[in-house]
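Here is a briefing on one structure. Look at the sequence and the model first, then read the points below.

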Protein chains: 2
Amino acid sequence: MEDKQCLCKNIAQDELDRITAEIPPENEIAALSEFFKVFGDPNRLRILYFLSKAELCVTDLASIAGMQQSAVSHQLKTLRQNRLVKLRKDGVTSYYSLDDLHVSEIFLMALTHIKEL
Amino acid sequence: MEDKQCLCKNIAQDELDRITAEIPPENEIAALSEFFKVFGDPNRLRILYFLSKAELCVTDLASIAGMQQSAVSHQLKTLRQNRLVKLRKDGVTSYYSLDDLHVSEIFLMALTHIKEL
DNA sequence: TCCTTATATGAACATATATTCATATAAGGA
DNA sequence: TCCTTATATGAATATATGTTCATATAAGGA
C-alpha cells in the first residue's frame, strides 16, 4: 500500500482496503490479461472464428483469412500455447480445431456488446 | 478468395465458401479485437476490477494499483475512449466508474475459464 | 535416396504499445 | 492575481508484437 492516499472524501479507507484485499492474485491477473490479449488481434480472431465452424488445415486457413501461410503458422502456435486450439496431423497435413468451448461464448458475448454501441 | 486452395480432403469447397461468407464484417472484427485488446493489459485489468467495486479517483487508483498517476491517466483515457468507464468531476477531483455492465460478466467468464486450466 | 508438398521455425523488420518524465490544464482558495 | 492541488497530455523511450522472408523440418511417393 502506497502512502499517496488521496484526501478526497469519496470512499472510506477501510472500504478501499477491502477492495484491495479482494483482487484476484497476481498470477490470475496475468493469466487473464494474457487470455484476452490472444483475442486482441484481428487475424487471430478470424482464425478462431473459422475454426469455430470447422476443422481446417493451415493452407485453407491462410487462404480464407487472407494471410500468408507463415503468419498463420505463427498465430496457430500462439493459439496452441494458450490451449485455444488443438492439432491433428494426417500425413503432411496439419488440421486445427477449437480446443476450448469458451471461445464461442466469449466471441458471442463480445459481439453482442459491440453491436450495442 | 485466394487461389491457393488446399488439396486436402477434409472439407468441401462449398462448405469452405459458406464459412467464409458468414464471417462478421470487417468493422466488427476490428471492433472486437480492439475491445479484447483493452482487457489484454494487466494494469488496465486491475483498474477495471477496482472500478467494478467502487467509484474511485485517479490518485486512489494509482495507489491501490501500484501505478504512477500519469500511467493511470493514460490508461483511463483509453478506457474512456472505449466507453468502458465514465468520468464525474467534482472540483479538482475526477472520479471514474464503470460505464459498461458487460465488464463484470466478461471478467467473470474469463476468470472461470482461467481457473479451469 | 531424391524430390515434392505442407508446415513450422527463426531472424529481420516495421509498427504498436505501455511507462516515464515533464509540464500543461483545470479548479479552488487566499 | 498567485499559489496549490489533482489530473491530463505529449514527447521520449524501452519493450512487445505481428508480418515477411528464408529455410528447416516432417511426411510420403517414386
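This is a predicted model: local features need pLDDT of at least 70, side-chain atom pairs count only at pLDDT 80 or more; totals for chains, interfaces and linings use all residues.

DNA strand C is surrounded by 23 residues, and the closest are A:Thr59, A:Ser73, A:Tyr96, B:Asn43 and B:Ser70.

**Around DNA strand C**

- In the side chain of A:Thr59, an N or O atom is 2.2 Å from a phosphate oxygen of DNA strand C.
- A:Ser73 also has a side-chain N or O atom beside this DNA strand, 2.5 Å from a phosphate oxygen.
- From chain B, a polar side-chain atom of B:Arg44 lies 3.0 Å from a phosphate oxygen of DNA strand C.
- Which elements give two or more residues to the surface near DNA strand C? In chain A they are helix H4 (58-65), helix H5 (69-81) and strand S3 (93-98). In chain B they are helix H3 (42-53) and helix H5 (69-81).
- H5(A) gives the most to this surface, with five residues.
- By class, the surface near DNA strand C has six nonpolar, 13 polar and four charged residues.

**Around DNA strand D**

- DNA strand D is surrounded by 23 residues. The closest are A:Asn43, A:Ser70, B:Thr59, B:Ser73 and B:Tyr96.
- A:Arg44 has a side-chain N or O atom 3.0 Å from a phosphate oxygen of DNA strand D.
- Which atom of DNA strand D is 2.8 Å from an N or O atom in the side chain of B:Gln69? It is a base nitrogen.
- B:His74 has a side-chain N or O atom 2.8 Å from a base oxygen of DNA strand D.
- H3 and H5 of chain A each supply at least two residues of the surface near DNA strand D. So do helix H4 (58-65), H5 and strand S3 (93-98) of chain B.
- H5(B) supplies the largest share of this surface, five residues.
- The surface near DNA strand D divides into six nonpolar, 13 polar and four charged residues.

**Where chain A meets chain B**

- How many residues does each chain bring to the contact? Chain A brings 59 residues, and chain B brings 59 residues.
- The two chains bury about 5500 Å² between them. Carbon and sulfur atoms hold 71% of that area.
- In chain A, the residues that lose the most area to chain B are A:Phe36, A:Met109 and A:His113. Together they account for 12% of what that side buries.
- Four salt bridges are found across the interface of chain A and chain B.
- One salt bridge links A:Lys115 with B:Glu28, and their closest N and O atoms are 4.0 Å apart.
- Between chain A and chain B, 10 residue pairs are in polar contact, counting pairs with both residues at pLDDT 80 or more.
- Several elements of chain A give two or more residues to the side that touches chain B. Among them are helix H1 (13-22), helix H2 (26-39), strand S1 (56-57) and helix H6 (102-116).
- H6(A) gives the largest share of that side, 11 residues.
- The side of chain A that touches chain B has 31 nonpolar, 10 polar and 18 charged residues.

**The sheet in chain A**

- Strands of a sheet pair through backbone hydrogen bonds, either parallel or antiparallel.
- In chain A, three strands form an open sheet in the order S1-S3-S2, with antiparallel pairing.
- S1 and strand S2 (85-90) of chain A are the edge strands, and each pairs on one side only.
- S2(A) and S3(A) run antiparallel and are joined by six bridges.
- A:Leu87 has A:Tyr96 as its bridge partner in S3(A).

**The sheet in chain B**

- Chain B has an open sheet of three strands in the order S1-S3-S2, and the pairing is antiparallel.
- Strand S1 (56-57) and strand S2 (85-90) of chain B each have a single partner strand, so one side of each is left without a neighbour in the sheet.
- Two bridges pair S1(B) with S3(B) in the antiparallel sense.
- B:Cys57 has B:Tyr95 as its bridge partner in S3(B).

Conventions: Residues are numbered from 1 along each chain as its sequence is written. Chains are lettered from A and ligands numbered from 1 in the order in which they are written. Side-chain values use heavy atoms; hydrogens and water are left out. A residue is near a molecule or strand if one of its heavy atoms lies within 4 Å of it. A polar contact is a pair of N or O atoms within 3.5 Å; within protein, one must be able to donate a hydrogen and the other to accept it, and residues adjacent in sequence count only if both atoms are side-chain atoms. Helices (H or I, at least four residues) and strands (E, at least two) are DSSP runs, numbered from the N terminus. Ala, Val, Leu, Ile, Met, Phe, Trp, Tyr, Cys and Pro count as nonpolar, Asp, Glu, Lys and Arg as charged, and the others, Gly among them, as polar. Contact means heavy atoms within 4.5 Å. Buried area is the accessible area (1.4 Å probe) that two parts lose on being put together, summed over both. A salt bridge is a side-chain nitrogen of Lys or Arg within 4 Å of a carboxyl oxygen of Asp or Glu. Two strands pair if DSSP finds at least two bridges between them.
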